[in-house]
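User: Could you walk me through this model, starting with whatever pocket there is? I'd like the cut-offs spelled out as we go.

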Amino acid sequence: MEALRTVRSEVEELIRRSGLDPVKDQAAVRQLVKEAVLDYDQRSVHGGLPFIDDVDVAARMVWDSVAGLGPLQRYLDDPEVEEIWVNQPSRVFIARRGVAELTSTVLTRDEVRDLVERMLKSSGRRVDLSSPFVDATLPDGSRLHVVIPDITREDWLVNIRKFVVRADRLEDLVALGTLTSAAARFLEASVAAGLNILVAGGTQAGKTTLLNCLAAAIPPRERVVTVEEVFELKVPLRDVAAMQCRQPSLEGTGEVPLRRLVKEALRMRPSRIIVGEVRQAESLDLLIALNSGLPGMASIHANSAREAITKMCTLPLLAGENVSSRFVVPTVAGSIDLVVHAALERDGRRVVREVVAVPGRTEGDVIETADIFVTRSGRLVRGEGFPPHEERYARAGIDVHRLLIQDLT
């Protein structure tokens, strides 16, 4: 440890003198680290310096310390790790394939704060007493969330959600066991037909991945505008405009909320709009956009498709006292066409539990639904319902009845 501390100090001084940026000049810094470790190893043979057991291991640890995230870097580099969170400096957890585990990593409070500052440096965002929460995107695309005292009891709470790409398209989800091939064919046809789709599920259910895979089925000539709290969506199309929210400045000005982004997106000539996650009053603006004929998709936290619809009828009420359920309920019924509900199982598997259609009819304040695919005996099977807007499928050259009848059980 003493040898590593010495080499790290020497490397930090060399970086400072050379004016290198560990984030932008990675190749040069890696070479500098390698040369510094080899130089120290040679000096330790002839002098009274502590020995390095393994030069390659030492170089990696020094690199992680000066250019990475120190003891957490190995978890970021591990493709099996999906999430990292720190409850206390001595309580560092990871999620591997949906299953949480306590690691042997032990940090100090100063190390936690230093790591957070390093992670926030590239994002331009901050966390302090006036702004005790922060969401940011790391250079590799991972999402960072930090909460500090006095919101927390004593320690900084850190959560890093990695964007582990295991699926880019719906057929990839079929291979993973998340979807059946019949459900994937139907969803792909529904996206091509321009239906409005709501992806529902709990935390870590795979909503963002599912949203990305659905977006991949959008016809390639369409222009897609995405809006998110922080960048997470990776839409594999040629014409994509992505926007994220902005925190207020130290003076409390300059904040750009998600609702503002939804409104701005409508001025950017979109063929489709995708909202990363609907949480508050922006749901009203999204519903108005979808109700005007603009196809779109969004995700929402909910434990079932029915609860997702109920939540979409409630969230717009946050937009103001002049918004009533008499307006919202029929608007939801006329704007949302499909709800896809995903879940994280106890064994870490992510599965789609149901695909529900919203025909557009209401009975009082209750929106009618139809089961397209449902889970029976642990399997996603064909229900008895049919989606709305058969004419949209026909315009896309799709016979949706034939597509679904062949899978009717």
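Analyst: Helices (H or I, at least four residues) and strands (E, at least two) are DSSP runs, numbered from the N terminus. This is a predicted model, in which local features need pLDDT of at least 70 and side-chain atom pairs count only at pLDDT 80 or more, while totals for chains, interfaces and linings use all residues. Residues are numbered from 1 along each chain as its sequence is written, and side-chain values use heavy atoms, with hydrogens and water left out.

User: OK, how much space lies in the largest pocket?

Analyst: The largest pocket holds about 810 Å³, where a volume is the space filled by probe spheres set on grid points that are joined across faces, edges and corners. On a 1 Å grid over the protein atoms alone, a pocket is an open set of points where a 1.4 Å probe fits, with protein on both sides within 12 Å along at least five of seven lines, and lining residues have an atom within 4 Å of a point.

User: Which residues are closest to its centre?

Analyst: Of the 40 lining residues, Gln 204, Ala 205, Gly 206, Thr 209 and Arg 350 come closest to the centre of the largest pocket.

User: And which helices and strands supply at least two residues of the lining?

Analyst: Those are helix H6 (170–176), helix H8 (207–215), strand S11 (296–301) and strand S13 (350–357), and H8 gives the most, with 5 residues. By class the lining has 13 nonpolar, 13 polar and 14 charged residues, with Ala, Val, Leu, Ile, Met, Phe, Trp, Tyr, Cys and Pro counted as nonpolar, Asp, Glu, Lys and Arg as charged, and the others, Gly among them, as polar.

User: Is H8 mostly covered or mostly open?

Analyst: H8 is mostly covered, since 7 of its 9 residues are buried, among them Lys 207 and Asn 212; buried means under 20% relative accessible area, exposed over 50%, and partly exposed in between (1.4 Å probe, protein chains only).

User: What does H8 lie across?

Analyst: H8 lies across S7, S10, S11, S12 and S13, and runs at about 170° to S11. Contact means heavy atoms within 4.5 Å, and angles run from 0 to 180 degrees between N-to-C directions, with axes fitted to C-alpha atoms, for helices over the stretch in contact.

User: What is the strand order in the open sheet of 9 strands?

Analyst: The order is S9-S8-S10-S11-S7-S12-S13-S16-S17, with mixed pairing, and two strands pair if DSSP finds at least two bridges between them. Strands S9 (240–244) and S17 (379–382) stand at the edges with a single partner strand each, so one side of each is left without a neighbour in the sheet. Within this sheet, S7 (residues 197–201) and S11 pair in the parallel sense over 5 bridges, and Val 199 has Ser 299 of S11 as its bridge partner.

User: Switching topic, where is Asn 196, and is it buried or exposed?

Analyst: Asn 196 sits in the loop between helix H7 (181–193) and S7, and Asn 196 counts as buried because its relative accessibility is 4%. Asn 196 and Leu 290 are 94 residues apart in sequence, and 7.3 Å apart in space from C-alpha to C-alpha.

User: How do the 6 strands of the open sheet pair, and in what order?

Analyst: Their order is S3-S2-S1-S6-S5-S4, and the pairing is antiparallel. S4 and S5 (residues 143–147) are joined by 5 bridges, with His 145 in S5 as the bridge partner of Asp 135.
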